[in-house]
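I set out to look up charged side-chain pairs and the exposure of their residues. My entries follow the structure.

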Amino acid sequence: MHPVSAVAASISSSLKSVADVNPTFMSTDEKASALLTLLEVESRAAELRLRVMAAAGDVAQGEGFRSIETWLAHHGHVRRGDAAADLRLAEALDRDLPALAGALREGRTNLPQARVIAHAMAELPDGIEQAVVAQAEAELVRLSQEHDPRDLVALGRRILELVDPDRFEQAERRRLEQAERYAVERQRLRLRAVGDGTTRLSALLPDAVAARLATYLHAFTNPRLTDSEDRTSGRRAVSHPRRLAEAFGQLLETLDPRRLPIHGGDATNLTVTISFEALRTGLGVATLGSGVPGDGYDTITAAQARRLACNARIIPAVLGTDSEVLDLGRASRLFSKAQRRALLLRDTTCRAEGCDIPGTWAEAHHLVPWGEGGASDLDNAALLCSHHHHLAHDPGYDMSRMANGDLRFHRRR
């Protein structure tokens, strides 16, 4: 019998001998030692299996299979993709990665680590001297003694920086240029109205764009502030994805259309068509006009329209009882930067009773709604965090002003 076959049979027999043994009664030290030893055995056995696989092309040919991967997938009942990955690793270890093969054979590197290292070596740029390649392989094998596969992925991307810094800088520049071109060609963004009041947004963005968006959204999702808001309002903490969605809405409300491209001969604006009575009371619905036919986003509540009038640039088209246009105004008058600074000095935090969200994270609210003739001046203004600003325009809540200037909210019965 060939030594490899003998070892395989011996391992199988040894494992069978302890198949019914309960490890519960092992001492703590014995369990710890056994776990590490078995990990080493797995690595050694995996290397031996891959070594045999690299030399088993004749097995596949003998039974008419195209390759050993298809033979193994059929007889071993494993996924074809897994068998193909094993074959690629086996061939790389046999042909190009002697140091990694030795580490796996000796149990110093495990199989998941070996896969990461092999991938990193395959990603090295062409034209590198063999000495540098060998040095990179040896360094990654050494790093595997201290790092798990996840860490090795990051280290593998920058292995040239460790072994050949000059070449790394050139290769990294070319890689980034290629990645940027790829990202520009592949970027996509889609909006699809679901029909239940929500819209599904899906996007594939260049990393630089995604990083900027994440940074901006983080400004609205500071964990310390949102946790404080949850405690103040008594509402149950919401998930981070929902926080990001809320932050996205807040980000859009802060955009100044005057800085957007000219659209149809005028600055990009959103027109809200609403009846005078709905604007005055905050009850009813309003129609959005984005200027994009069939965009599917056309109806909001009157209360939402009144809230937008506080801190979003909209053009109101106010209709009378016979749908005649009573007023087609300019974009709603927002509080100026100087007024914002004055409000911050005066209010410091959100003015809702008991809320300590800093004023820098709050929004300027018209105490007398803009739709009822409320002016954008300090006497008619208060800082409110996003949560309380929504409540201020929620018809289900009453808001009253306390003697100290704070605002108290009550749910209507």
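I noted the rule used: a salt bridge is a side-chain nitrogen of Lys or Arg within 4 Å of a carboxyl oxygen of Asp or Glu. Asp96 is partly exposed at 42% relative accessible area, while Arg95 is exposed at 57%. Here buried means under 20% relative accessible area, exposed over 50%, and partly exposed in between (1.4 Å probe, protein chains only).

I recorded that this is a predicted model, in which local features need pLDDT of at least 70 and side-chain atom pairs count only at pLDDT 80 or more, whereas totals for chains, interfaces and linings use all residues. Residues are numbered from 1 along each chain as its sequence is written, and side-chain values use heavy atoms, with hydrogens and water left out.

How many salt bridges does the structure hold? I noted 17.

I then turned to Arg346 and Asp347, whose side chains meet in a salt bridge (2.8 Å, N to O). Is Asp347 buried or exposed? Asp347 is buried, with a relative accessible area of 6%, whereas Arg346 is partly exposed at 39%. Salt bridges with shared partners join Arg346, Asp347, Arg351 and Asp406 into one network.

My last entry concerns Glu40 and Arg44, which form a salt bridge (3.0 Å, N to O). Glu40 is partly exposed at 32% relative accessibility, and Arg44 is partly exposed at 37%.
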